[in-house]
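Here is a friendly walk through one protein chain, from its overall layout down to single residues. Have a look at the sequence and the structure first, and then read on.

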Amino acid sequence: MSVAAHAALTQGVVYIHSTPSSLCPHIGWAIESVLGASVKLSWTQQPLGRTLMRAELTWSGVPGTGAHLASALRRCQDVRFEVVEDPSAGVDGARWTYTPSLGVHHTIVSTNGDTLISENRLRAALAAGDPSSVRRELEIALGSPWDTELEPFRHAGDNAPVRWLHRVS
């Protein structure tokens with residue numbers, strides 16, 4: 001089905017915060033497989049590691065593209081990434097973060113950029129019992145451990161080039 005057949009479009013960003021240089025072609029192929037278009041990422045050195053690279057890619061496509069990108073990228077084991085999908089007509093936005101040590105974290109994002117936690121997740125956190133366990137569960141629901149691990153890599157990418165791509169189906 002072509003993109004033109006879908007009334008709603010969205011956009012987002014893929015941040016590859018760090019990856020060994022040997023995985024760069026594989027990451028490009030993974031993104032291409034989802035977007036259905038040729039991808040030429042502008043790789044730059046990640047200052048936090050001698051053999052690490054980083055890249056950013058802004059994309060547009062149908063809602064759900066972000067989930068497909070995150071799924072394809074998490075197959076590359078030694079990568080740290082974030083995929084952000086902006087909200088679109090009738091569809092919440094989302095963010096997927098991944099680190100090799102923590103795995104993948106998914107969160108819903110409101111139109112103003114706030115992280116939203118579902119009622120069921122809040123109830124599960126409250127069921128943890130003591131205040132320190134509740135706090136830990138809420139930190140996990142917010143993605144705080146992922147943010148803590150990725151923050152140094154995010155700042156190392158300030159002023160990096162971004163390229164726009166559009167998904168074709």
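## Layout of the chain

In this predicted model, residues 24 or more positions apart account for 62% of the contacts in the chain with a separation of 6 or more. The chain holds 5 helices and 8 strands. Read from the N terminus on, the elements follow the order β-α-β-β-α-β-β-β-β-α-α-α-β. The chain has 169 residues, and 42% of them count as buried.

## Helix α2 and its neighbours

Which residues of helix α2 are buried? Helix α2 spans residues 65-73, and its buried residues are Thr65, Gly66, Leu69, Ala70, Ala72 and Leu73. Seen down the axis of α2, these buried residues fall within an arc of 165°, so they line one face of the helix. What do the buried residues of α2 pack against? Their partners are the strands β1 (10-20), β3 (52-61), β4 (80-85) and β5 (93-99), together with the helix α1 (24-35).

The pairing with α1 can be described in more detail. The axes of α1 and α2 come within 9 Å and cross at roughly 150°. An angle over 145 degrees counts as roughly antiparallel, and α1 and α2 are therefore roughly antiparallel to each other. The crossing in which α1 passes α2 is right-handed. On the α1 side, the contact is made by Ile27, Ala30, Ile31, Val34 and Leu35, while α2 contributes Thr65, His68, Leu69, Ala72 and Leu73.

| Helix pair | Axis separation | Angle |
|---|---|---|
| α1 and α2 | within 9 Å | roughly 150° |
| α3 and α4 | within 8 Å | roughly 150° |
| α4 and α5 | 5 Å | about 60° |

Helix α3 covers residues 119-126 and helix α4 covers residues 131-142. With the crossing angle at roughly 150°, α3 and α4 are therefore roughly antiparallel to each other. The residues in contact are Arg121, Leu122, Ala125 and Leu126 of α3, and Val134, Glu137, Leu138, Ile140 and Ala141 of α4.

How are α4 and α5 placed relative to each other, parallel or oblique? Their packing angle is about 60°, and α4 and α5 are therefore oblique to each other. Here α4 uses Glu139, Ile140 and Leu142, and α5 uses Ser144, Pro145, Trp146 and Asp147.

At 32% relative accessibility, Glu151 counts as partly exposed. Glu151 and His17 sit 134 residues apart in sequence, with 9.5 Å between their C-alpha atoms.

How many aromatic pairs does the count give? The count comes to 1 aromatic pair. The rings of Phe81 and Tyr98 have their centres 5.4 Å apart and their planes at 15°, so the pair is stacked. Phe81 belongs to strand β4 and Tyr98 to strand β5, so that the pair links parts of the chain that are distant, 17 residues apart. Both partners are shielded: Phe81 counts as buried at 0% relative accessibility, and Tyr98 is buried with a relative accessible area of 8%.

Thr97 is also placed in strand β5. Thr97 is buried, with a relative accessible area of 1%. Leaving aside residues up to four places away in sequence, Thr97 touches Phe81, Glu82, Gly103, Val104, His105, Trp146, Leu150 and Arg154.

Thr19 is found in strand β1, and at 0% relative accessibility it counts as buried. Not counting residues up to four places away in sequence, Thr19 touches Cys24, Ile27, Trp43, Thr51, Leu52, Met53, Asp78 and Val79.

Gly49 lies in the loop between β2 (44-45) and β3. At 14% relative accessibility, Gly49 counts as buried. The C-alpha atoms of Gly49 and Pro20 are separated by 8.9 Å, and the two residues are 29 residues apart along the chain.

Terms used. Residues numbered from 1 in each chain as written. Predicted model: local features only at pLDDT ≥ 70, side-chain atom pairs only at ≥ 80, totals over all residues. Heavy atoms only, no water. Buried < 20%, exposed > 50% of the residue type's maximum accessible area, 1.4 Å probe, protein only. Helix = DSSP H or I, 4+ residues; strand = E, 2+ residues; numbered from the N terminus. Arc of directions from axis to C-beta. Contact = heavy atoms within 4.5 Å. Phe/Tyr/Trp six-rings, centres within 6.5 Å; stacked < 30°, edge-to-face > 60°. Axes fitted to C-alpha atoms, helices over the stretch in contact; angles between N-to-C directions. Parallel < 35°, antiparallel > 145°, perpendicular 65-115°, else oblique. Left-handed = near helix turned anticlockwise from the far one by under 90°.
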